[in-house]
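Biologist: Hi! Could you walk me through this protein, please?
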Amino acid sequence: MTKIIGVLLEEHRNIKRLLHVLEQELNVFDHSDRPDYEILQAIIDYFQDFPEICHHPKEDMVFAKLKVREPAVAERIGDAEVEHCVETERLRNLALAVEDVLAGREFLRKDFHNVVQDFIEHQRRHMDKEENLLFPAAAKALRDEDWAEIDARMNDRKNPLFDGAVDNKFRALEKTILRWERETQANRVI
Ligand SMILES: [Fe+2]
């Protein structure tokens, strides 16, 4: 496994932790309680801040190289860049839904549920596809010089939530992630 695929997998693991928190908050909402909208906003902020700017562009570079080395394989996988644009749109819908609710604008509960659920499901499906198809295909097809070029062009800005010192704006989110993980763990033990 190349170093870059290792980095991408680690970033996926972190995204999955956030989707888990989002799912727990959705569960709270579905039971007619008030989810923690600040946490929802922090999750949206994080997605806009890191995966959009640092994670997806890396994968786009990997996909672009795969298209050069193995066009037929890339074609079978589908267009990673287009999929990332669709994910951006889903993230925007989620951000707007949370803004609407917080601003007291009318929003049907069912619609809010669907927007959040849609985001979670598609993110997971999208990552599964990358892990099962894109990454193994790239590991096979890309040459050392491709990885070196990606590495040189990669934006390796620090992950503001999962890499050592956490940015102030994500402190509460970090605590919530750990709390939900502890509670999920406790439920499993029982
Ligand atoms: Fe990804």
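**A first look**

Modeller: Happy to! The protein has eight helices and zero strands; helices (H or I, at least four residues) and strands (E, at least two) are DSSP runs, numbered from the N terminus. This is a predicted model, where local features need pLDDT of at least 70, side-chain atom pairs count only at pLDDT 80 or more, and totals for chains, interfaces and linings use all residues. Residues are numbered from 1 along each chain as its sequence is written.

Biologist: What does the C-alpha trace span along its principal axes?

Modeller: About 50 × 35 × 35 Å.

Biologist: And how many of the residues are buried?

Modeller: Of the 190 residues, 27% count as buried (20 or more other C-beta atoms within 10 Å of the residue's own, with C-beta atoms placed from the backbone).

Biologist: New topic: how do α3 and α7 pack?

Modeller: Helix α3 (residues 51-69) and helix α7 (residues 144-153) pack at about 150 degrees, their axes 10 Å apart. Axes are lines fitted to C-alpha atoms, for helices over the stretch in contact, and angles run from 0 to 180 degrees between N-to-C directions. That makes α3 roughly antiparallel to α7 (an angle over 145 degrees).

Biologist: Which residues make the contact?

Modeller: Met-61, Val-62 and Lys-65 of α3 meet Asp-146, Ile-150 and Arg-153 of α7; contact means C-beta atoms, placed from the backbone, within 7 Å.

Biologist: Which classes are those?

Modeller: Three are nonpolar, none polar and three charged. Ala, Val, Leu, Ile, Met, Phe, Trp, Tyr, Cys and Pro count as nonpolar, Asp, Glu, Lys and Arg as charged, and the others, Gly among them, as polar.

How values were computed:
A residue is buried if 20 or more other C-beta atoms lie within 10 Å of its own, exposed if 12 or fewer, and partly exposed in between; C-beta atoms are placed from the backbone. Angles under 35 degrees count as roughly parallel, over 145 as roughly antiparallel, 65 to 115 as roughly perpendicular and the rest as oblique. Two residues are in contact if their C-beta atoms, placed from the backbone, lie within 7 Å.
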